[in-house]
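Please keep the sequence and the coordinates at hand while reading.

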Amino acid sequence: MKLVHQTAVNTVVTRPATECLHACSTRLGTDDDAAAFLTVETTTFRIIDASWEVCRSPGSQWNGSSSLSEIFGIEAYLHSGPAIRKAMSANLNPVALSLVQECIKGLVQAETFVYRERGRGSTTGEYDRFFAETYLGACRYYSNLGRVRKSWFDHVGTETRDFLLFTRGKQASLFATD
């Protein structure tokens, strides 16, 4: 077998200050090396800073870096995809767009640790109910509630997270047989 293509996407959400969260998604693969960065207000998830950088892409077609001021003010949350795509459509860079979307997914996951500030309830049970009622079918976990063996907070824990709120890594490899 021969390795044909490999890619890894990593997302990290941190809380550098009480009033904001920072998300970074990177992609490193056979053909590319890129990152997107979002900073949002903790209570509203409104984007207050955003940028991207592509260091390597096929034929250098997407290489560059830029602020994404056109998405400032948009809520980085479930169902924000159409507004993000529309705002970025003038200078659409599909690499940057996909990494911005990964940042938003990470922020939604990180909400678990700032739900009180977001007005999503005062207890873990209230947050679980809010999310189950509001976003049933919106993600893998809430699309498969019949298969769930333990609650969301039993899965992620209830310990306070002060800085590192969420991490995820995804990797794919494509092999060809000789």
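In this predicted model, Ile71 makes contact with Leu38, Ile47, Ala50, Ile84, Ala87, Met88 and Val100, when residues up to four places away in sequence are left out of the count. Ile71 also belongs to the largest nonpolar core, which has 41 residues, and it is among the members that touch the most other members, together with Leu38, Ile47, Ile84, Val100 and Leu107. Helix H2, spanning residues 94-110, supplies the largest share of this core, namely ten residues.

Glu102 also lies in helix H2, and with a relative accessibility of 11% this residue counts as buried. Setting aside residues up to four places away in sequence, Glu102 touches Val9, Thr11, Ser25 and Lys170.

Cys20 is accordingly in no disulfide, and the nearest cysteine sulfur, that of Cys103, is 14 Å away. For Cys103, the closest cysteine sulfur is in Cys24, at 6.3 Å, which is too far for a bond, because a disulfide requires the two sulfur atoms to be within 2.5 Å. Both Cys20 and Cys103 are buried, and their values are set side by side below.

| Cys20 | Cys103, 14 Å | 12% |

Technical notes: Residues numbered from 1 in each chain as written. Predicted model: local features only at pLDDT ≥ 70, side-chain atom pairs only at ≥ 80, totals over all residues. Heavy atoms only, no water. Core = buried A, V, L, I, M, F, W, Y, C linked by side-chain atoms within 4.5 Å. Buried < 20%, exposed > 50% of the residue type's maximum accessible area, 1.4 Å probe, protein only. Helix = DSSP H or I, 4+ residues; strand = E, 2+ residues; numbered from the N terminus. Contact = heavy atoms within 4.5 Å.
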